[in-house]
Amino acid sequence: RPAPAAPVRMTPVKIADNVYMLQHSQGSGNSTVVFTDDGVLVFDFHIDNADQTLAFIRKQTDKKVKYLISSHSAGDHASGAWHFREDKPVYIATKNQVHDLRMQELEEFNERKNSNDPRNAGYKGKELIPPDIGFDGSMALYFGGLTFQITAEGRGHSTGDLTVYIPQKRVYLMGDLLDTEIHPGQGESAGVFYSNVKGWLQILDNIMARDLSVETYVPGH
């Protein structure tokens, strides 16, 4: 029987004023938290550790989490919305993510929830919360004095990656289209491998061609 994995630590790293990346201690999915006067936005959340992200938020502010955005549908980035349920945030994702989260991601989540493997203890008693809004193309969210330019980039690391650009902070949230200090792995869930290297390179070319004013690209791992 497998032993429980060492406890994960999500360590806050300041990216810009009121923007923090929660860095995963074992190289798995990072989360990003943006604090505003109107509430909090969270980008990416894993059921195993989003409770630590929420605890960090509660220490910093009494304002509620108003928005959740997931970069793609993989469990280490999109399975943890359950932890924020008391704040009733609006969860935004691509239409493709909405589909995947109801299909293979739900299957994987339930397999882990019903597993006796101690490594899956974080799934017990939890539910996979689906997005509230699914979009194609691009959308802009105006919130807390900031602009969040959300783009469905297409098929690259996953069947549908999205990025978020915050021009006032000069921050670009990349999800797993960008990893640092770790090889950019093939997207997979429930035994389905879905990365498209040609598309991935095209997406990165598209992002660079936008020639946006960016100081920090925030990686998924």
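**Helix 3.** I started with what helix 3 packs against: its buried residues pack against helix 2, strand 6 (90-94), helix 4, strand 7 (133-135) and strand 10 (161-166). The buried ones in helix 3 (residues 95-102) are Gln-97, Val-98, Asp-100 and Leu-101. Buried here is under 20% relative accessible area, exposed is over 50%, and partly exposed is in between, with a 1.4 Å probe and protein chains only. Helices (H or I, at least four residues) and strands (E, at least two) are DSSP runs, numbered from the N terminus.

**Ground rules.** I noted that this is a predicted model, where local features need pLDDT of at least 70 and side-chain atom pairs count only at pLDDT 80 or more, while totals for chains, interfaces and linings use all residues. Residues are numbered from 1 along each chain as its sequence is written, and side-chain values use heavy atoms, with hydrogens and water left out.

**Strand 10.** Next I asked how many residues of strand 10 are buried. The count came out as six of its six. Asp-161, Thr-163 and Tyr-165 point one way, Leu-162, Val-164 and Ile-166 point the other way, and all are buried.

I then checked its partners (two strands pair if DSSP finds at least two bridges between them). Strand 9 (residues 146-154) runs antiparallel to strand 10 over five bridges, and a hairpin of six residues joins the two. Gly-154 sits opposite Asp-161. With strand 11 (residues 171-175), strand 10 makes three bridges, also in the antiparallel sense. There Val-164 has Leu-173 as its bridge partner. The hairpin of strand 10 and strand 11 has four residues between the strands, and Arg-170 in it takes a positive phi near 55°.

**Cores.** I looked up the nonpolar cores, meaning sets of buried Ala, Val, Leu, Ile, Met, Phe, Trp, Tyr and Cys residues joined through side-chain atoms within 4.5 Å. The largest has 25 residues, and those with the most contacts inside it are Val-42, Phe-45, Ile-57, Val-65, Leu-68, Phe-84 and Tyr-91. Strand 2, strand 3 (31-36), strand 4 (39-43), helix 1 (50-60), strand 5 (65-69) and strand 6 each give two or more residues to this core. Helix 1 gives the most, with four residues. I noted a second, separate core of 21 residues, which includes Phe-43, Ile-92, Leu-162 and Val-164.

I picked out Ile-57 and listed its contacts (heavy atoms within 4.5 Å). Not counting residues up to four places away in sequence, Ile-57 touches Val-33, Phe-35, Val-40, Val-42, Val-65 and Phe-84.

Leu-177 lies in the loop between strand 11 and strand 12. Is Leu-177 buried or exposed? Leu-177 is buried, at a relative accessible area of 4%. Leaving aside neighbours within four places, Leu-177 is in contact with Glu-153, His-157, Asp-161, Thr-163, Trp-200, Ile-203 and Leu-204. Leu-177 and Asp-161 are 16 residues apart in sequence and 7.5 Å apart in space, C-alpha to C-alpha.

Asp-179 has its place in the loop between strand 11 and strand 12 (188-189). Asp-179 is buried, with a relative accessible area of 14%. With residues up to four places away left out, Asp-179 touches Pro-184, Gly-185, Pro-219, Gly-220 and His-221.

Most residues other than glycine have a negative phi, so I wrote down the exceptions I came across. Lys-88, in the loop between helix 2 and strand 6, has a positive phi of about 55°. Lys-88 counts as exposed because its relative accessibility is 69%. Asp-211 also has a positive phi of about 55°, and is found in the loop between helix 5 (197-209) and strand 14 (216-219). Asp-211 is exposed, at 68%.
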